[in-house]
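Please report on this structure, covering its packing and its charged contacts. Keep it brisk.

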Amino acid sequence: MKLRILSLSIMGLCSLGVQASDLSQFTEISQKANFIDGVNVVQPPEFTNDPTFSDSIVDRADAMGAIAVDRDGNQSTAEISEDALRALEDAVKTLDELGLDATLFTTPEKDATIKPKVTGEEEDVQGVVIGRDDRTRITRTTVSPYNYIGHISVGCTGTLIGSKYVLTAGHCVANGRGSWYKKLDFAAGQNGSAKPWGTTGWKTAITTKAWFNNRNSNYDYALIVLQKAPHGGYSGWGVYSGGTHSVTGYPGDKTHWTLWTDSGKTNTISSYRVCYTMDTAGGESGSGIRDTRNYVRGIHTTGSSSRNCGTRLTSTVYNTLKQWISSY
């Protein structure tokens, strides 16, 4: 019986090919982008224990619509129909009940193929530290999994989940009020002023319409497409399933552009968000929430004096990101 249900679920997912691929069919719009220039200008969402947003199938389909921009300010949008989303969610729910979503919706790590060329010396010079600061510094940034993590010029952190695709927070690419940030170049494995693979320019940024237009923290995730692959490697990533995780990024309260990490237990507070008491600071927005296998299972986005939180990688988010990647 379980095999039959599994077969029907997979068939259901496959049958969505044309409809679900709507999220990969971007259409250029006439309106040019408004860019915000500068660094450290990111405006993270306000922390709330229970963000309230309308969550009907109509609202979810609208929220999952995507908007993209290139360096020249050309914008494109993509939509998903209510029927396609409903069918996708039904299939995902069945797989989840069978305990198979974590297996099916996972992308394995790929090792870097380009050796680092370390240049420069380290220089001295928001998230929240909860109680004692338990973060430790990562100095070997050219080895896995830290070589997949990098500094985004605007003042955020991101993780390579494809050879030229950087996963980060939506609020690291757009302000949530209809404007984009301009400085989205990426330095993989940055360690102080040392950039082992240099700085790679960005080509396209993509986020959800829910974040871009309404600052909806349930949809605070984004993808930056780079002009080329920094080193050919990328992190493993997939759906969140609980347990001990770590957040590793570039905090603004430490020596400039140095990489720091903390680990601890995580807990889901909704189908969209995961929270923890791991210490973070401004600059770590967009950091991957990594499990003990170093697979990215979420994206750090907000903090308070009692806990920090991030966007949970659900099966739906995973498939959305896959559609975006297939587009660019």
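## A partly exposed lysine and its partner

K183 has a relative accessible area of 34%, so it counts as partly exposed (buried means under 20% relative accessible area, exposed over 50%, partly exposed in between, with a 1.4 Å probe and protein chains only). Its side chain meets that of D37 in a salt bridge, 3.5 Å from N to O (a salt bridge is a side-chain nitrogen of Lys or Arg within 4 Å of a carboxyl oxygen of Asp or Glu). D37 is also partly exposed, at 45%.

This is a predicted model: local features need pLDDT of at least 70, side-chain atom pairs count only at pLDDT 80 or more, and totals for chains, interfaces and linings use all residues. Residues are numbered from 1 along each chain as its sequence is written, and side-chain values use heavy atoms, with hydrogens and water left out.

## Other salt bridges

The whole structure holds eight salt bridges. One of them joins the side chains of D185 and R71, at 3.0 Å from N to O. R71 is partly exposed, with a relative accessible area of 39%. R135, D253 and E284 form a linked network of salt bridges. Side chains of opposite charge can pair when their charged atoms come close.

D83 and R86 form another salt bridge, with their closest N and O atoms 3.3 Å apart. Both sit in helix 4, three residues apart, so about one helical turn separates them (helices are DSSP runs of H or I with at least four residues, strands are runs of E with at least two, and both are numbered from the N terminus). An α-helix has 3.6 residues a turn, so residues three or four places apart point the same way. D83 is exposed, at 53% relative accessibility. R86 is partly exposed, at 36%.

## Helix 3 and its buried face

Which residues of helix 3 are buried? In this helix, residues 57–64, they are I57, R60, A61, A63 and M64. Viewed down the helix axis, these buried residues fall within an arc of 165 degrees, so they line one face of helix 3 (the arc is that of the directions from the helix axis to the C-beta atoms).

The buried residues of helix 3 pack against several elements (contact means heavy atoms within 4.5 Å). Two strands are among them: strand 3 (66–70) and strand 12 (202–208). The helices are helix 4 (82–97), helix 6 (209–214) and helix 7 (315–327).

## Strand 13, enclosed

Strand 13 covers residues 222–226, and five of its five residues are buried, so the rest of the structure largely encloses it. A222, I224 and L226 point one way from the strand. L223 and V225 point the other way.

Strand 13 pairs with strand 9 (residues 165–168) in the antiparallel sense, over four bridges (two strands pair if DSSP finds at least two bridges between them). Here L167 has L223 as its bridge partner. Strand 12 also runs antiparallel to strand 13, and five bridges join them. T207 is bridged to A222 of strand 13.

## R137 in strand 6

R137 lies in strand 6 (residues 136–138). Its relative accessibility is 28%, so R137 counts as partly exposed. What does the R137 side chain contact? It makes a polar contact of 3.0 Å with the side chain of N191 (a pair of N or O atoms within 3.5 Å; within protein, one must be able to donate a hydrogen and the other to accept it, and residues adjacent in sequence count only if both atoms are side-chain atoms).

R137 and L259 are 122 residues apart in sequence. In space, their C-alpha atoms are 5.9 Å apart.
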